Structure formats: structure tokens, C-alpha cells
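Colleague: Hi, could you walk me through this one? I'd like to ask a few quick things as we go.

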Amino acid sequence: MKKKLLSVLLAAAMTISLAACGQSSFDEKGSPSSEGISDTSDSSTQQTEDQADADSPEEINYYGFDEPTTVKIGISYAAAPDFTFYGGETVDNNAWLDLYKANNIITDVLYEVDPSQEQTKLSTAIMSGDYPDVFSSNASEYRNYVESEAVADITEAYEKYASEELKAYMENDGGMALESLRIDGKLYGLPRVNNDPYASAHVMWIRKDWLDNLGLEIPTTMEELQEVARAFTFNDPDGNGQNDTYGLALDGINIINDSLGNADPIFNAFGAYLGKNGLTYVEDENGEIVWGGANAEGMKAALQMLQDMYKEGTIARDFITMDYNTIMEEEAGAGRCGIWFGPNWAAMNPSATATQKDLNCEMIAVHVPSGNGERAMAYASSSAGTVYYVSSKCEHPEMLIKLFNLSVKYQNADNCTADEYNMYYGDSANYSGWKTSIVYGGGPDGNRTNAALVASVESGNAANLNAKQIENYNSIKTYMDAVADGTLDPADSAHQRGLALYTVHIGDHSAWSVIRDMMANDDYVLAAYNGVPSEEVSNNAATLKKLLVETIVKTITGAQNVDSYDSFLDTWYAMGGEDAIAEANELR
Ligand SMILES: [Ca+2]
């Protein structure tokens, strides 16, 4: 579900641009009057106090300008087929324009185009020399823009004008996307950060009711996992007298992935890191960047274990034809497998489905077992996707920073009131809201949002939750009350939704409980390089991943022997891997 929301947000990529941020002769009709004003100025004062500067701190306005400053914008969101304005809002009259006006940022629409024409329009404008002052692109264009000198160096503007909230937003991914944009220490753009690689770490999901039925403990090593998988396969863990279960579910079609059935956590447990794309960068003991799959010893130990499990039947015979959806619905969801790896939402659908078949079904999240005697780590990587720029011709490069400060303040539930959040972020199903802002500053709704939800469930007080959180809170409460009353009805969709959310958020064995523990223990191997790959490396990446996936699957089924991983490595380097690693070492 989270994945679906994320893809909706990504698909709705904002392509609005902004031009000409010179001083204007602003007329009084747009003078500040909304209630956002007083809040904004209060916050500015607070920021000023918080960010005491040696020069003249009280003069820094993080959210706008002391004098009306006109910005011309190009708009493409309004012509998008899925876009709907709230009530009476229009391109010229909406909550975000009011907020900008209240902060002396006066917008004037330079052009309005269909989203499909936005990049062409922008390119034409840049070539003509008269182009928007603030605009965005995919990060793959970042170096081109920097080399063309069309965009400003914002290093100093960011240092001086970034609010504490904006800095915290950039830390959602540990600062990786922002740092990936530095060239010789200088910044020429700001990334949209809606990825939290810490929060999206994968955990192990296991049937707690099966462990209890067989008198087994939660496995903490890969050897123990193999023993549990044997018991789940041969000892009738569901007690129905049928030989209808097995141990570990794997997605054989895409064995390293971002969903259910991912095998990468198993490789991680042996010190190898493939990520979801297969092209990962880790640092070796000499500080050089090497491929995360270059640890042949670790990879071979993990492959040997999986080959052994396949041979003894504790991995499904037909795993090579399974994808994440099969595992979700027909394996975990049907109560056939007892163990799988996946993200925080990887038991939502399976728990709701499997409970209909077996009311005692209990799926819990646990830390990935250790493979090599050390605590298993997760690979954390984040790259820039959308990048926002300010033109090198703009006399106020801080305009970009101030626009971002406003968006981060009003598009994150933790930074504003529930009413403000609903107004400036809006209802994602109907749009408007954040879409009319010039910069999108909504972050991933990670641990902070989760912490508020968990606290409310524990205290029974939902007063401080935003609209989205209250919806989840009510669902979880409905489920928990039904369990307490003995009235749980697994066919009731409201109970299913509550149970699904429970596996993510609540209790000692929720996904979030495990992930918070991972964060506290720093169980992460950070990507040594997060830069956007060159076209050549990018083109080779798909071939390299295909080769890697084929090698892993063939080794598990025994079609290839484990030691052939060494010759695979030679091929991987020769087919473009060597160039990718060299590029990372050169550009880091
Ligand atoms: Ca059985």
C-alpha cells in the first residue's frame, strides 16, 4: 500500500517552473491577509533566534522577502489529466499563492503548458537565454545544467537561508541525495527527498503461531533459520495433518527486489550487498569504492545455504516462477510458507488474507538472522530523483531556498498544524494542495509520523494526529478492540485493514519495532557513492542485473555450482561493472 502511494506521488511529478525573481512594483491588492501570515512571521522569529548568526541574525527572513519580490512561473500541473482543483481554487487563486503573497513572494505566470510539453518548453526557453529562474529536472540532467552554467551555485545561499526544518528534511535519507549533488564541494541544486532508506530496510517475516505450535524459538542465525525452515516444511506447523507448508519463500523472477521474497537480506547477513538494483557501492578497507557483490566469500556462503535449502525442499521447488505478487497472495497469503523477507508493509496483505483461512495466524517481524557471526546489516542508499535549480541569471539565488523552506514547513505534518497540513498538502486523492506550490517539500512519512501513531494507540489519545494518522489510528483500534472482545471477523474489511496496519506499526514485533531497533543500533551499511550514473553505466546496469539474477537463481537450483560465482564476477566486471566502479571512484 505504501508502495502504491509512493508511485502515485512519483507519477504526479511536479513540473512547475518559476521565472524572473526581480523586485517588483507590487500593488496592494495582494497584500497579506491570510492566517498563514502570523504563523509564518512567528516561525521566522523563532528561526532567527534558533539560528543566531554572527552578522545580523534578526534580519534573516527564511520564508520570504522584506519587499515584494516578483517571480514569474511556468505552470504545467493544471493541464495534467488527473488534476482537480479544490472548490473554487484556480491557477491564479489558491492557498499557496496566498501564502507566497503573505511572504512577499509575488507570482506571475510566465507560461502554462501541458505536462508533456514542459521540458521542451523549458529547454527552448533556456536556449533563448530568457528562461525560468527556478525549475526542476530529473537528476540525470544535473551535470548538464551545471556544465552549461545555466544554474546558480547555491552553496552559500543554502548555508545562510536553509531553515532547521529544511535541513531536517534533507536528513530524511541521511543527507545522501543532497551530498550526491555536490561537485567539488559546491551545490547547484536541491533534491526532492521522499526516500527514507533507513525506514525502508527489509526485515524477516515469520509465522509466530507456527513457531509456537512446534515449540521453536525465533531464529537469530542462518543455521537456526535452516532448522526452523525444516520444521515448517516437514513437521506440519499448521497442525492440519497435511503436507502443505514449507519454509522460505523467494521471488525467483526478481530475486533481488524492493518487495516480498527479496533474497538480498540473506546476502547482507553474509556481508554482501546487492541492493534492489544490483549496482551497489561499498567502501573496502582501503577506502576504495568496490561493488557490494564483490565479496565472493560472503556471496558463496549465502548461495551454498540457499542451494542446500532448495535441495532439501525447504524452499519451494517452483520458486523460479514466483514473483512478489505470487508470494503475497498464493504463498504467504495462503498460509503455505512460514518465512519471507520484505519491507515494513510485507505482511499487510498476507496477514489479512491468511487470517481468513486460519484465525490463529500471527505474522511477526524480526531482525534478519546473522550469517557470519556478526549482526546483519542493511544496505542504505539514496540518490537524487527530481532536482530543483535557480537560474544563474537570478539576482536572488536564495529564492529557491525560501520556497523550499515554505514547502517543507507546510507539507509535512510534523512541521505545521493539522489544518495547515490539510490545506497546503491536501488530499492526495483529489490533488490541488501541494500541487500548486512551486517546490514540493513533502517528505517520507517515516519514523516521526509512526512514533505519534504508536503513542496515540498506547495512550488512547488521538488529539495530536493529522487526518491521515487518525484514519490509521481508527482502523488499528477497531482491530484491537475486536481481538479484545473476541469478535474478530477476518472477513470484515475494516478488521483486515486494522490487522494489516498492526503488523506495520504496533507491538514489539511490528516492522517498525524492528526498524527502530536497527536505527538505534546503526545496522546500516551506507552507500559509498550515490551519484547519478552516466548514460553508459546506466545502460549497462540492466544487463548486469539480469546476469546477476540469473546466476543467483541457477546456483540455488543447482544448475550452476557455488564456485562459479568467481567466473561470474569476471564476466560482471567485463560487461560494464568495472566501468561503473571506476566512475564511482572518480566522481565521488
Ligand atoms: Ca500442514
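Modeller: Happy to; we can start with the overall picture and then go through some helices, strands and single residues.

Colleague: Great. What kind of model is it, and what is the average pLDDT of the chain?
Modeller: This is a predicted model. The chain averages a pLDDT of 87, and 88% of the residues score at least 70.

Colleague: And over which residues is the pLDDT below 50?
Modeller: That is residues 1-54. Beyond near neighbours in sequence, the stretch still has 95 contacts in the model.

Colleague: Noted. How many helices and strands does the chain have?
Modeller: There are 22 helices and 14 strands. Of the chain's 588 residues, 50% count as buried. Looking at contacts between residues at least 6 apart in sequence, 76% join residues at least 24 apart.

Colleague: Let's do helix packing. At what angle do α12 and α21 cross?
Modeller: Roughly 50°, with the axes coming within 7 Å. In residue terms, α12 covers 296-312 and α21 covers 535-557. The two helices are therefore oblique to each other.

Colleague: Which residues make that contact?
Modeller: From α12 you have L303, L306, Q307 and Y310, and from α21 there are I552, T555, I556 and T557. Sorted by class, the contact has 5 nonpolar, 3 polar and no charged residues.

Colleague: β11 is in a sheet, I take it. What is the strand order there?
Modeller: The order is β7-β10-β6-β11, an open sheet of 4 strands with mixed pairing. β7 and β11 are the edge strands, each pairing on one side only. On average, neighbouring strands are turned by 20° against each other, direction ignored.

Colleague: In which sense do β6 and β10 pair?
Modeller: Strand β6 (203-207) and strand β10 (337-342) pair in the antiparallel sense, over 4 bridges. Within that pair, I206 stands opposite I339 of β10.

Colleague: What about β4? Which strand is it joined to?
Modeller: β4 (134-138) is joined to β13 (386-390) by 5 bridges, and the two run antiparallel. F135 stands opposite Y389 of β13. As for burial, β4 is mostly covered, with 4 of its 5 residues buried.

Colleague: Back to helices. Which residues of α20 are buried?
Modeller: In α20 (511-521) they are A511, W512, S513, V514, I515 and M518.

Colleague: What does W512 sit next to, for instance?
Modeller: N450 is one residue that touches W512, and N450 touches H505 as well, not counting residues up to four places away in sequence. N450 lies in α17 (447-459) and counts as buried because of its 22 C-beta neighbours inside 10 Å.

Colleague: Last topic, backbone. Which residue with a positive phi follows α20?
Modeller: D522, with phi near 55°. For background, most residues other than glycine have a negative phi.

Colleague: Where do N104 and D184 lie?
Modeller: N104 lies in the loop between α3 and β3, with phi near 65°. D184 lies in the loop between α8 and β5, with a positive phi of about 50°.

Colleague: And are those two buried or exposed?
Modeller: N104 is buried, with 21 other C-beta atoms within 10 Å. D184 counts as exposed, because it has 4 C-beta neighbours inside 10 Å.

How values were computed
Residues numbered from 1 in each chain as written. Predicted model: local features only at pLDDT ≥ 70, side-chain atom pairs only at ≥ 80, totals over all residues. Axes fitted to C-alpha atoms, helices over the stretch in contact; angles between N-to-C directions. Parallel < 35°, antiparallel > 145°, perpendicular 65-115°, else oblique. Contact = placed C-beta atoms within 7 Å. Nonpolar A, V, L, I, M, F, W, Y, C, P; charged D, E, K, R; others polar. Pairing = 2+ DSSP bridges. pLDDT = per-residue confidence, 0-100. Buried ≥ 20, exposed ≤ 12 C-beta atoms within 10 Å, placed from the backbone.
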